Amino acid sequence: MAGQTLFDKIWNRHVVTEKHGQTLLYVDRHLLHDGSIWGFERLRQNGWKMRRPDQAFATPDHYTPTHTASLDDLTDPRAREIALAIKSNSEEFGVTVFPWGDKRQGIAHVVGPEQGITLPGLTMVCGDSHTSTHGALGCISMGIGSSEVTHVMATQTLWQTKPKTMRINIEGKLGFSVTAKDVILAVIRQIGTAGGTGYAIEFAGSAIRDMSMEGRLTVCNMTIEAGSRCGMVAPDEKTIEYVKGRPFAPKGDKWDMALKFWRSLPSDDDAVFDAEVTVDANAIAPMVTWGNSPQEAVQVTERLPDPDKEDDPDRKATLLAAYDYMGLTPGMPIAEIAVDKVFIGACTNARIEDLRAAAAVAKGRKATVPTLVVPGSGLVKEQAEAEGLDKVFTEAGFEWRLPGCSMCVGMNGDLLKPGERSASTSNRNFRGRQGVDSRTHLVSPAMAAAAAITGHFTDVRTMMEDA
Amino acid sequence: MEPFKSFKSMGMPIDILNCDTDAIIPARFLRIPLDDPDYNQYLFHDLRFNEDGSEKPDFIMNQQPFRDAKVIVADVNWGCGSSREHAVGALVANGIRVVIAPSIADIHRSNCMKNGVLPVILSREDCDTLRAHMHEAPGAEIDVDLETQTVTALNGTTFNFEIGPFDKHRMLNGIDDIGMTMELDAEISAFENDRKDYAWL
Ligand code: SF4
């Protein structure tokens, strides 16, 4: 018998039952955020209980204001209601909550790993597509819709069709100032935004092994942008080091048991994947997206592609539409695109390492465009302040905000104005994502900081050699 | 949930590749409850309306006869992006019960089925043909039958589609998953009580 993949080993241990080709999968951890309000309402309407509130954790992120810690400043009554509901709902149903004002509050996908809620070998879900992030620790973690959120609340299970498996081997060494964000943008450029549809993706290869946990979280975060609900990395000593001592991680004897189990999880040498892809890490450079799909990415030194060179008529139409929406001209060098605002944050890139990378570029320089830095959680904020990063940012003229999703999706009001262009460390450059007629370019934190200083996309490698 | 047996309506071609859920419903409407009487207005809102609320005449939903179309024929990777179920809510609020596409993003596909909207996968070629036909003959109807797994369009041409037996059963009978799973409570408890590999948890 062929060996098993990491995915199979975890999946097979969570099968409650199977019916007509679908699996009733047991869920170990359920993350809730302010948008989960609908799930609680449906439980209440039907008089259902939450089956395992002890396995659910809640934190507000999408609607959270980042400019104020005072409720009095939340003037929109609905925004106020949503911001507060998570606390009252969690208390009513017995869920652990890190409410607004708690220093553990933050973006669910930053908080989960940080608190040790995310652990190798688990199944995790959250009513948010970027739940794929957590797979970086070697668990099956998937985004679900709000009906499914209610299903998990009521039954602690989910009906699923087993996806196929894909391994993406990223082999080689990343160059100077090339980051995890550039890696995942390069992967998506290679396989396309639907390339992973129907698959669970395991990221492997020397570049992934060499990558920090923060970097792996960034890579897995954008798995959904490649069409896959679930990205993962085999747990290794780095994972174990990262998890150790976190508040909700196992302790004592349980820790020893967990270690033994986690070390058995990596895919067997003879495991067979339904698809394998290889990416050359040495060839990756800092990336910038220019269109309205994350696959519309180019290296910072490149020019924008020529739609007339596209043979596929659909591709050509997509490119032309993107040029029209983004207000750009084919063939122009990426470095000539000027930005109006810069956003450093989001579950993709709001961890401490991201802020350090941005601060390294900002240090001793001055922003020429308005720039927001939004830490992923209260603890990231605290850590950054302990390291003096907040000072670096404010001295460079960047705004240092409170944790939340912020301008990634703008549900809290942090938005671009129509026609404005951003350099953003978030994960989606869809039309209107950062506000009506907003134009988003996705980049790494270092590249975002570089754009903040020069006012246009700039190869951060040249700036760092200067320094 | 309303059972889905068959459905016949005018087809509406949406010629957008990778049509994401931010386009189907922009994020700022997610705070509005699904029973809001204006919910139908939020579908494709920013493609459909100018900032002053006037209609954008170029968008297909603003053109006759497509205003009354209840079957969408889309392009590759329909519903990608955010997991927001409101995207399906906005379809339902407009009476749309079927989306036909060459591929549909996983989370959105699942959200559709939870709300009685049938996701139908046909080949890219067939979807292209259907959309072209709807442009040439506006008002053309599409007849979708779940029992026989067929789409009938183009004056009688029939296309077969695949759907898993479990999904089919649930849609045909309008079965609410949660009630059904709750009946498996004993099995779930047995699973919870027998997890040797996870004693550390
Ligand atoms: S930061 Fe952005 S992508 Fe991440 S959970 Fe928040 S809104 Fe979603």
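How many residues of chain B are in contact with residues of chain A? In this predicted model, 50 residues of chain B are in contact with 64 residues of chain A, contact meaning heavy atoms within 4.5 Å. Local features need pLDDT of at least 70 and side-chain atom pairs count only at pLDDT 80 or more, while totals for chains, interfaces and linings use all residues. Residues are numbered from 1 along each chain as its sequence is written, chains are lettered from A and ligands numbered from 1 in the order in which they are written, and side-chain values use heavy atoms, with hydrogens and water left out.

**Between the chains**
- Chain B and chain A bury about 4900 Å² between them, with carbon and sulfur atoms giving 59%; buried area is the accessible area (1.4 Å probe) that two parts lose on being put together, summed over both.
- The rule finds eight salt bridges across this interface, a salt bridge being a side-chain nitrogen of Lys or Arg within 4 Å of a carboxyl oxygen of Asp or Glu.
- A:R52 forms a salt bridge with B:E192, and the closest N and O atoms are 3.1 Å apart.

**Between the domains of chain A**
- Chain A is divided into domain 1 (6-275) and domain 2 (291-464), with bounds that come from an automatic or database domain assignment.
- The centres of the two domains, taken over C-alpha atoms, are separated by 24 Å, and 41 residues of domain 1 are in contact with 43 residues of domain 2.
- The two domains bury about 3400 Å² between them, 59% of it on carbon and sulfur atoms.
- Three salt bridges are counted between the domains; A:E302 forms a salt bridge with A:R189, the closest N and O atoms being 3.2 Å apart.

**Around the ligand**
- The residues surrounding the ligand, with a heavy atom within 4 Å of it, include A:H62, A:D128, A:C405 and A:R433.
- The shell draws at least three residues from each of domain 1 and domain 2 of chain A.
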